[in-house]
Every structure is written in structure tokens, then in C-alpha cells.
Amino acid sequence: MVLSENKFMMSSSPHIRSKTTSANIMQIVTAALLPAAAFGVYNFGLPALIMLISTTASAVLTELIYQKLMHKKVTINDFSAVVTGLLLGLNMPSSAPWWMGALGSVFGILVVKQLFGGLGQNIMNPALGARCFLLISFTGQMTTFIYDGVSGPTPLAVLKSGGTVDTMSMLIGKIPGTIGETSVFAIMLGAVILILTGVIDLRIPGTYLATFAVFVGIFGHFQNPDIGFFDPQYITAHLCGGGIMLGAWFMATDYVTSPITKRGQIVYGMLLGILTGLFRLFGGSAEGVSYAIIISNLLVPLIERVTLPKPFGKGGEK
Amino acid sequence: MNGCMERIYNGLIKENPTFVLMLGMCPTLAVTTSATNGVGMGLSTTVVLVLSNMLISMLRKVIPDSVRMPAFIVVVASFVTIVQFLLQGFVPSLYASLGIYIPLIVVNCIILGRAESYASKNPVLLSIFDGIGMGLGFTVGLTAIGLVREIIGSGKVFGFQLLPLADVAAGKSGYVPVTIFILAPGAFLVLAGLTALQNKVKNNAAKKGKKVREASGCGEGCASCGGCSGKVFPTGNEEE
């Protein structure tokens with residue numbers, strides 16, 4: 001620059017920079033995921049640990065190899081691949097073979113993230129894109145949940161077929177399910193870390209969970225006539241079961257694939273709640289969080305366009 | 001290069017309907033669940049394309065400009081009906097697996113596109129070769145997509161079990177098919193992947209200063225097309 005010796009820096013905005021970097025945020029998210037991961041390993045044993053290592057390592061490796069091959073700046077130090085890999089691992093059943101998780105990570109990082117331009121450009125959450133890829137490809141293995149050596153239905157499947165579930169064990173997490181989704185306590189611990197450090201705010205998860213609760217409260221009756229309107233136990237069971245807690249706090253709030261406008265975040269949260277409720281109550285399978293989130297991810301550009309705030313002085317009466 | 005061979009080269013490589021022109025995406029994505037389906041669809045389309053190109057080129061001075069589209073459709077639809085009955089009669093299994101996509105050849109963009117942009121403006125022999133080139137290009141594209149999808153999605157090649165499948169119940173290890181590849185999303189993934197691959201190959205060849213290898217000259221089988229060099233017929237309107 002010609003003016004580099006000038007005392008006054010002439011540059012375009014932003015003039016005030018925050019110390020926060022992508023790497024900081026991703027490290028906090030990784031730390032916040034650790035309670036759920038630790039509980040998953042405690043709950044499901046060694047296979048869960050192998051799965052988590054497999055998904056995380058292959059996510060990082062894929063990113064490294066792709067960026068080396070394409071002569072791009074290697075960005076594995078920003079931890080975003082670690083978060084993707086870890087999230088995918090937490091979304092896998094412990095009984096699935098490890099290579100399945102690795103394949104999912106390769107798909108998530110390569111196709112969903114890097115081919116669209118890397119961090120910040122992905123059209124949907126890479127971990128969820130990968131999970132849906134695996135869910136469609138290997139439906140059998142991805143929906144078989146083995147707990148304590150027996151293959152059993154998840155609480156959501158029990159609920160859907162009209163049975164009753166023990167809400168307390170769902171809060172603690174001693175139930176079959178994917179590695180990271182079972183324990184509401186462990187997930188909430190991570191969520192509190194995220195909220196206290198300011199990484200996420202309550203807008204998206206709050207509207208998501210609230211809309212979902214209202215939806216299930218009303219339409220649960222139509223899916224199963226034995227359930228009354230706004231049956232508190234039924235709603236609690238739905239909120240604690242399946243991947244909704246993990247999805248609402250960790251995946252719906254992904255910066256890249258959620259709206260930046262405040263009104264947009266509320267619309268997005270409500271859309272998530274309605275879609276999840278629709279899929280769970282009236283869809284073919286008992287769980288629908290993954291599909292609800294990736295479909296809403298795809299609608300984010302439209303939501304942002306509609307909810308663009310008006311600059312001061314614009315608009316008003318014509 | 002001889003005009004006829006140029007047409008075939010153009011259809012197969014330079015303006016491959018699947019990977020370059022991106023035409024006829026509906027059958028491309030829908031029927032390529034196996035290589036056999038890809039070949040069947042590609043060849044059926046080729047037959048219709050050659051015949052309709054021929055007839056439309058013959059009639060190009062007769063068909064009034066203002067009603068050319070209905071006229072093209074009538075011609076194409078007649079040939080599609082013939083092909084449909086032939087397939088139903090002689091290869092019923094292929095007919096069953098292609099299903100609704102055979103009658104839909106009528107509205108395939110490649111056929112109408114070639115009729116509109118080439119056959120209606122060029123002489124008969126060149127139009128026939130244009131049909132052959134485009135049809136073969138489409139067949140190659142569909143077969144390639146079908147082959148990749150079939151191998152990854154079910155471990156087979158042309159219906160032959162290439163990779164032995166794993167059987168969890170019997171404790172037999174082997175290939176676990178990635179089912180998504182024979183479902184709709186797999187079609188998009190494979191199409192995109194193969195298109196990227198052929199662009200890469202073409203770009204690399206261009207970078208090295210080499211042109212993509214062209215079919216050179218005319219073999220003995222082409223003796224009959226001596227008449228279609230540029231001298232006798234004008235070869236224009238290729239890029240419309």
C-alpha cells in the first residue's frame with residue numbers, strides 16, 4: 001500500500017474487530033459436546049468410543065487431504081471438521097460398523113462442505129447431511145439400536161406405537177438410541193456452556209422446542225386418540241426422546257446454516273418445530289429431527305430474504 | 001474432417017448431450033439405476049432420434065415454419081410408438097423396467113432440440129449422422145452413469161454380481177451396497193461427479209496444448225458418405 005507509512009490506517013469496515021475467531025467458537029462447541037460424548041461412551045461402551053474416533057478422525061483427514069490435493073489453505077486447525085465428525089458420531093447408533101461412520105464423514109466433509117466451498121458455504125449441516133446419506137443407504141443398520149446387548153425399540157418408537165415410556169430414564173439417558181442423543185442431562189450441560197459463553201442464544205432452540213411442544217400437544221391426539229390434548233407427560237417424553245435436544249442445541253444453531261436476521265431465526269425455529277412434529281407423528285419413521293433440520297437449512301436463504309430488516313428511515317407508509 | 005464423422009464426434013464428445021449440453025435430464029436421472037437400463041434407454045432414444053432427424057430433414061422444405069413444433073411432435077411420436085411396441089414385443093423385461101420413460105421419449109429435449117436446431121436446416125445424410133452421434137453420446141452418458149450407480153449401489157455390473165454381498169445374518173463379510181446410489185439422490189451425485197470428471201479431462205488436455213483426440217479420417221465403412229463433404233452441402237447452423 002502506498003499509504004502504509006501514514007499514521008492513519010485507511011481501510012474499509014469493519015474497524016473494530018472482535019477477538020473471537022471461528023476456531024474459538026468451534027473449540028467451545030467441541031467442549032460442549034464432550035459431556036454427551038462421554039455419557040455415550042459410558043452408556044454404550046467401547047463400540048461408541050471407536051465410532052466417535054472413527055468419524056472425527058476421518059472428517060479431519062478428509063478435509064486435510066482435499067485441501068492438500070486442491071492446493072487450498074489447510075483449515076483443519078479451525079476445529080470445524082472436528083465438530084462435524086463428533087456430531088456425526090453422536091448421531092450414529094453404537095452398533096453400526098466403524099467404517100460406516102467414516103464413510104459418512106467423508107461424504108459430509110467432501111460433498112456437503114468442501115465441494116460447496118468449505119466452511120461458511122455449505123448448504124446444509126455437514127453432519128446431518130452425512131447422517132441422512134447413511135440413513136438412506138443403510139436403513140437397517142442405522143435404525144437398529146442395541147442397548148445392554150439387546151436390540152430394542154427407542155422410546156420414540158414405543159410412543160408411536162402407543163406404548164408408555166419412563167421419562168426419568170430418558171432424562172438420564174439409560175435408553176437405546178444413537179450415541180449422543182440419549183442423555184438429556186448431558187446435552188443440557190453442553191447447551192448451558194454454549195449459552196453462557198454466548199456462542200448461541202435462545203432464539204432458535206427456544207422457538208424450536210416451544211413450537212414442537214405445542215404441535216405435539218395438539219396433534220398427538222390425532223395420531224393416538226388415547227392421548228389427550230396437551231398431555232404433559234406425552235409432551236415431555238417427546239421433548240426428551242430422540243435427537244431433538246441434540247438437534248435443537250447443537251445442530252439447528254449452526255451459524256452457517258441458520259438465518260442471521262432475528263425475525264428469521266424465529267421463523268426458522270418455528271419451521272423446525274412444525275416439520276419435526278409432522279415427521280414424528282405422521283411420517284413413516286419415529287424420528288424426523290435430521291430431515292426437519294436439513295430441509296429448514298435449505299430454506300434459510302429464502303427466510304433471510306423475507307425477513308431482511310428495513311434500514312432506519314426506509315419503508316413506513318407509502 | 002469429413003462432415004459425417006464430424007457429426008458423430010460432435011455428438012459423442014464435443015457436445016455430448018448428457019455431460020455437455022445437459023439435455024434429456026429426466027430419463028438420465030430416472031432410468032439409470034442399472035447399466036442395462038442405461039443402454040436400453042440410450043439405444044431406444046438413438047433409434048427415434050435417427051429416424052425423426054431423417055424424416056424431419058426430408059420434410060424441412062414442406063413443413064411451414066409456424067406449425068413446425070406440432071409437426072415435429074407428430075413425427076417423433078409416431079417413431080416412439082413404433083419403438084415402444086417393438087420393445088414391448090421383443091424385450092418385455094426392459095420394457096417393464098423403463099416403464100413410463102419410453103412414451104416420454106416424445107418430449108425428450110434432445111430429440112426436439114436436434115430437430116429444431118439441426119435436422120430442420122440441414123440435408124438428410126448429415127441429419128442422420130447427427131442423430132447417430134447425439135444418440136450414441138446419450139447412450140454412452142446413460143451407460144456410464146448406470147454403470148457407476150449399479151456398482152456402488154448394488155455391487156453388480158450389467159446384472160452380474162461383481163462384488164459378493166455381505167450377509168449379516170449368515171455372518172458372511174462382503175460388500176455392503178450403498179443403496180442411496182440406486183435411489184434418486186445417487187443419480188444427481190453420479191451425474192455431477194462424471195460431468196466434473198469429463199470437464200477435468202478436457203481441461204487437462206486443453207492445457208497441455210493437445211486437442212482431445214479426434215476420430216481421424218474415414219474408415220472403409222464410411223465410403224458411402226463421400227458425398228456429404230462441405231462442397232456438396234453447406235454445413236452450417238451447428239451451434240444453435
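Trainee: How much accessible area does the nonpolar patch on the surface have together?

Mentor: This is a predicted model, where local features need pLDDT of at least 70, side-chain atom pairs count only at pLDDT 80 or more, and totals for chains, interfaces and linings use all residues. Patch residues have over 30% relative accessible area and no salt bridge, with nonpolar side chains (Val, Leu, Ile, Met, Phe, Trp, Tyr) joined within 5 Å. Areas come from the Shrake-Rupley method with a 1.4 Å probe, and for residues only the protein chains shown count as cover. A:Val214, A:Phe219, A:Phe222, A:Phe229, A:Phe230, A:Ile274, A:Leu278 and A:Phe282 form the patch, and their accessible area together is about 740 Å².

Trainee: Where is A:Phe229?

Mentor: Helices are DSSP runs (H or I, at least four residues), numbered from the N terminus. Residues are numbered from 1 along each chain as written, chains are lettered from A and ligands numbered from 1 in written order, and side-chain values use heavy atoms, without hydrogens and water. A:Phe229 sits in the loop between helix 10 and helix 11 (232–240) of chain A.

Trainee: What area is buried between chain A and chain B?

Mentor: Buried area is the accessible area (1.4 Å probe) lost by two parts on being put together, summed over both. Carbon and sulfur atoms give 81% of it here, and the total is about 640 Å².

Trainee: How many salt bridges does the rule find across the interface of chain A and chain B?

Mentor: The rule needs a side-chain nitrogen of Lys or Arg within 4 Å of a carboxyl oxygen of Asp or Glu. Across this interface, the count of salt bridges is 0.

Trainee: Which helix gives the most to the side of chain A that touches chain B?

Mentor: Two elements give two or more residues to that side: helix 4 (98–113) and helix 5 (126–137) of chain A. With 4 residues, the top contributor is helix 4.

Notes: Patch = residues over 30% accessible without salt bridge, like charges linked within 9 Å, V, L, I, M, F, W, Y side chains within 5 Å.
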